[in-house]
Amino acid sequence: MAISVKVMRRPEAGRTSYMRATLKGMSLTFKHLLRVKKVTLEYPEDQPDLHPRWRGTHRMEVHADGRPKCVACGLCPTVCPANCIRLVGGEDDQGNRYPIVYEIDEFRCIFCGMCQEVCPVEAIHVGQHFENAEYSRNRFVYDLDRLMEQDHPTTLLWDPSDPRSE
Amino acid sequence: MADSSRRADTVTLTIDGHEVNVPKGTSLLHAAETLGIEVPHYCYHPGLSAPAQCRICLVEVEGAPKLQPSCVTMAQDGQVVHTESPSAKRMRQGVLEFYLVNHPLDCPICDMSGECKLQDYVFDEGREQGRAREPKRVFGRDDFGGDVLYYGDRCVMCTRCVRFMDEVAHDARLTVVERGDRAVIDTFFESGLDDASFAGNVVDICPVGALVSKDFLHKARAWDLDHTPSICPNCSQGCNIDLHARDNLVQRLKPRENQEVNGHWMCDYGRANYEWINRAGRIESPGVGRSGKRRAADWQTALGALLDRLRESEGAGVRIVGSPLASNEALGTLHRLGRAVGTVTESVFRCRRTEDEDPLPGFPLLVRRRDLAPNVDGAGILGFERAGSDDATGGLGAAASHDGILVVLGDQLGDQPEDFGADASLYVYLGTFDSPAARNADFVLPVTTFAEEDGTFVNAQGRVQRFEQGLQAPGSARPAWLVLGALLAALEGGNPPGSAADAFAALAAEYAAFAGLSHDAIGTAGAVPEPAHA
Ligand code: SF4
Ligand code: SF4
Ligand code: SF4
Ligand code: SF4
């Protein structure tokens, strides 16, 4: 089969100028230059407003005497879909059940917030926090002390005035 | 159905619209069970008497003036029973609400959570909200001695524990003190349950978290445990048990019902001795060459080299040291291998023995035996003789200085001198832990414990019982029957056994005591071999 060749003709010189397109682009640029709406946030001087249901790194609530509120019930490691909570339960010197080991691998966590939802004693919470830079990967496994030290606001999983989102 | 009900010894009744035919004298609760209908119950336990006091198994029987306790009402011909009728359900809901009036609902910190009957029943049929507004009474917890802790707040007063100690252990050490909502279970004397050798069973039968094990306290959640049917390895009674494991470690042992062996029970000695199964520091890879020149090898290299040595020494005298902790499959295949390479001049095992037996008076079949190992009888059937003293030492003089082939399986040789086996022409050590007495071994082969393999034991009643693999073996440790079976097949031709069932089939073909048995025939309940026909 013969190949048919269609010869395209170049447009004339006057119609190939880029001038028009450039001007069009520049006009858009100037329009935005004069527009007052600012979207850039001057972080870190300005901090973003996190949504109350923002789910970030965890925080363990503590009792007034400094003990963790966790009673090592084992529900959060059970419910966690990412399997990133490690718990070894035991008994403290006052006969209370408490977590001897409680670790969350924040890298494996998918921030679903189910641990907070399932906790019967409101101990573990996801937090309104996002600044997590570290110098090494293993610093992202938060142990019990680290979780108790966190002081960022905890997440609201639902609006208390409308718990069923009705 | 219709004609069988006319027979004198059975009755036919209808439960929840299903007709069922049961032997005369069966309780409604049991009859319902045969249909797969569970009637909630606390005080009733199949191994104990039925006082009908918990009031939660009440069912509606047509024609009866009021609801009947199904645990003590015997099935009668033509009875029509409703376990799910509105009145039965309303009553159960009411009873459950009463149980919760003083119940702490400690589930997050309660060890029973996940296997608790109160939790289950309330979850299934309880009210969504309790109506009691009065403060709950609080007892705190009581150390009953032994391995048992008592949380009085959680007790539902079923008295199973009291009846177990009285009726089965014949050692009434528990009782109910006080009355009404102040009633608690207590011990008579300061010593409590100390030195009672079957008291651990009260933890198993307590339907709630009132009696818990100190050893298991807060250790693991019920739903995190993998259950494997197994045999207690701590004496030759061979109680049927479940291994409860988590993170590849045994967390506790629980009895598994077998009316021919242990009923619903097991002894405290057996229950407590599981830590050795979890011991770390195992041999993880095969080693070739005597100590000093020993190097790690893979299985193929090690077995290849071992085969060459076995072929070279064909016809030599063989001495075997086995272990009553090893399965029939391992011991039997070992003995067959010994006979395939030479003449077995001695095959022995050593076993720890206690002074006395310890029977459970209310269930005479269950006795904690003198031999503290599970397969003494199996070793006997397979041609092994007992050697050494009652603390499993000594008795290996001939083996230690043997100059032919020496094979040790499973015995840790803790008491043996460092030159054990130094004169042997070939010394093979199959074990779980290294030992100074294995330093002269030409081959050190890592094998699995009973928890890491399938197999069978023969208990003191002559019953062949199966256990299943519950843990992953460390490193490249392999079941002994697999290793020995591969060697045997290479020497004699034929296929190596692919499973413990294959290895057992080879034994059944050879040993009259196992004739006609197979892993399938043994099943989960075990089997007693038919006496060989003369
Ligand atoms: S937020 Fe979700 S994934 Fe992360 S720890 Fe909690 S349960 Fe696990
Ligand atoms: S759910 Fe709460 S109490 Fe339970 S283990 Fe997790 S943090 Fe502890
Ligand atoms: S006994 Fe059962 S219902 Fe009571 S606290 Fe324990 S798990 Fe919960
Ligand atoms: S301690 Fe357990 S077994 Fe004993 S009466 Fe209470 S609930 Fe029943």
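Author: In this predicted model, the residues found around ligand 3 are B:His103, B:Asp106, B:Cys107, B:Cys110, B:Ser113, B:Cys116, B:Gln119, B:Val208 and B:Gly209. By class, the shell of ligand 3 comprises four nonpolar residues, four polar residues and one charged residue.

The largest pocket holds about 1,000 Å³ of space. Its lining is made up of 40 residues, and those closest to the centre are B:Val203, B:Asp204, B:Ile205, B:Lys254 and B:Pro255. Several elements of chain B contribute two or more residues to this lining, namely helices H1 (28-34), H3 (117-125), H5 (201-205) and H6 (268-272), together with strands E10 (211-213), E12 (240-246) and E13 (249-255). The lining divides into 16 charged, 15 nonpolar and nine polar residues. Because domain 1 (2-98) and domain 2 (104-224) of chain B both supply lining residues, the largest pocket lies between these domains.

Of its 37 lining residues, B:Trp276, B:Ser323, B:Leu325, B:Gly410 and B:Gln412 are the closest to the centre. Here the lining has 17 nonpolar, twelve polar and eight charged residues.

Chain B also contains an open sheet of eight strands with mixed pairing, in the order E15-E14-E23-E22-E21-E16-E17-E20. Strands E15 (295-296) and E20 (385-386) of chain B each have a single partner strand and stand at the edges, so one side of each has no neighbour in the sheet. Within the sheet, strands E22 (residues 426-431) and E23 (residues 443-446) of chain B run parallel and are joined by four bridges. B:Leu430 stands opposite B:Leu445 of E23(B).

Methods:
Residues numbered from 1 in each chain as written. Chains lettered and ligands numbered in written order. Predicted model: local features only at pLDDT ≥ 70, side-chain atom pairs only at ≥ 80, totals over all residues. Heavy atoms only, no water. Near = heavy atom within 4 Å. Nonpolar A, V, L, I, M, F, W, Y, C, P; charged D, E, K, R; others polar. Pairing = 2+ DSSP bridges. 1 Å grid on protein atoms, 1.4 Å probe; cavity = no way out; pocket = protein on both sides within 12 Å on 5 of 7 lines; lining within 4 Å. Points joined across faces, edges and corners; volume = space filled by probe spheres on them. Domains from an automatic or database assignment.
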